[in-house]
Amino acid sequence: MRTATAARRLLVCVGVMMFLCMPPINTMAQTSMTPAYLDRLEAQKTSAALPNGETLAYLDLGPRDAPPLVLIHGYTDTARDWAPLAPLLTPKFRLIIVDLRGHGASDKPDCCYTRFDFAYDIKLLLDALRIATADVAGHSLGSIVAQTVAELWPGSTRHLVLNSSTGTSFGTTEPGGTLNSAKARAPSWLTDLAQLKDPIDPDSAFMRDWWRESMRINPEFFVSRQRHDAAAIPARLWRAIADQSLVGVDLRSMLPRVQAPTLLVWGGRDTLVGEAGRDTLRAGLARVEVRTFGSLGHDLFWEDPRAVGTVIIDFLVKK
């Protein structure tokens, strides 16, 4: 691991002293990320009862007078997704890191799981925290939710950061299909969901295959926690989220509503986002910057949090 300067170490420690004082991280494979760090991070998770009847779990980290930055995780993940970036971001931002409905410690209702339902929960949480405007960032499914927040409440979104996102769909580009329909033509990463049954074994072949790429780039203690949280999501909700927010969803029509300056961050080795989705997203946004990391994949800020985090910070703090 590269050696950080004393000044850099001091800066990070000051920013995270409320919950952690540790050296900055470079990559998940070479990091001081430890089970104890994750324990301390997750111990700070709290929850809010929203006016729509849902309870949303979240982390509230960093200085309360810093610019708010909402971080939204991907499909079957939790707020833990952002653990590699949190120490880099907390010196400059107040982080609101959510567990989306159906995920982690948040409620898991039978209905509903469209991008609009996810986005409305975020808006109600910000209202409950009396945060009128915020920067919003998402990863994968979370990027779709972040985009929707910016579309529906443009006056409340200062900047938008979309990591590993698409302007079409993570399934077929044809809107209107469902997970079990021929029209959906679901890709291989979704085809096993129709047969998924409860209880889900976190150590099953399905779950290990689901997290195969993550196991390649992350410590086992991190991946094991991710698998156990994902296994706690009922199988019907795995299908509901995919069916309502990922497969055959037309994301193009509302893109012109985004007014916030937007940063698109992609990995060159990302096999879940095609060129058509990238081109559509770039073309649909009026104020956009693009950064592509050629050697990284879909989970790019797990692979190199320092590089990705630096790009995000530079984008958010510039005038």
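Q: How many bridges join β1 to strand β2, and how do the two strands run?
A: In this predicted model, strand β2 covers residues 55–61 and runs antiparallel to β1. Within this pair, Ala 49 stands opposite Thr 55 of β2. The number of bridges joining β1 to β2 is four.

Q: What is the order of the strands in the open sheet?
A: The open sheet has eight strands, and their pairing is mixed. Its edge strands are β1 (46–49) and β8 (288–293), each of which pairs on one side only. Neighbouring strands are turned by 20° against each other on average, direction ignored. The order is β1-β2-β4-β3-β5-β6-β7-β8.

Q: Which helix packs on the sheet, touching β3, β5, β6, β7 and β8?
A: The strands touched include β3 (68–72), β5 (134–139), β6 (157–163) and β7 (262–267). The direction of the helix makes about 160° with that of β6. The helix spans residues 305–317 and is α13.

Q: Which elements give two or more residues to the lining of the largest cavity?
A: The structure holds one cavity of 30 Å³ or more, and the largest cavity has a volume of about 40 Å³. Among the residues that line it are Lys 123, Leu 126, Ala 134, Val 136 and Trp 153. The elements giving two or more residues to this lining are α4 (115–128) and β5.

Q: How do the residues of the lining of the largest cavity divide into nonpolar, polar and charged?
A: The lining includes Ile 131, Ala 132, Val 149, Thr 133, Ser 156 and Thr 157, together with Lys 123. The division is seven nonpolar, three polar and one charged.

Q: What is the omega of the cis peptide bond that joins Cys 111 and Cys 112?
A: Most peptide bonds are trans. Cys 112 lies in the loop between β4 (94–98) and α4. The bond joining Cys 111 and Cys 112 is cis, with an omega of about 10°.

Q: Where is Pro 199 found?
A: A cis peptide bond joins Asp 198 and Pro 199, with omega about -10°. Pro 199 is found in the loop between α6 (188–191) and α7 (205–210).

Q: What is the phi of Thr 76?
A: Most residues other than glycine have a negative phi. Thr 76 is found in the loop between β3 and α3 (86–89). Although Thr 76 is not a glycine, its phi is positive, at about 65°.

Technical notes: Residues are numbered from 1 along each chain as its sequence is written. This is a predicted model: local features need pLDDT of at least 70, side-chain atom pairs count only at pLDDT 80 or more; totals for chains, interfaces and linings use all residues. Side-chain values use heavy atoms; hydrogens and water are left out. Two strands pair if DSSP finds at least two bridges between them. Axes are lines fitted to C-alpha atoms, for helices over the stretch in contact, and angles run from 0 to 180 degrees between N-to-C directions. Contact means heavy atoms within 4.5 Å. On a 1 Å grid over the protein atoms alone, a cavity is a set of points where a 1.4 Å probe fits but cannot get out, and a pocket is an open set with protein on both sides within 12 Å along at least five of seven lines; lining residues have an atom within 4 Å of a point. Grid points are joined across faces, edges and corners, and a volume is the space filled by probe spheres set on the points. Ala, Val, Leu, Ile, Met, Phe, Trp, Tyr, Cys and Pro count as nonpolar, Asp, Glu, Lys and Arg as charged, and the others, Gly among them, as polar.
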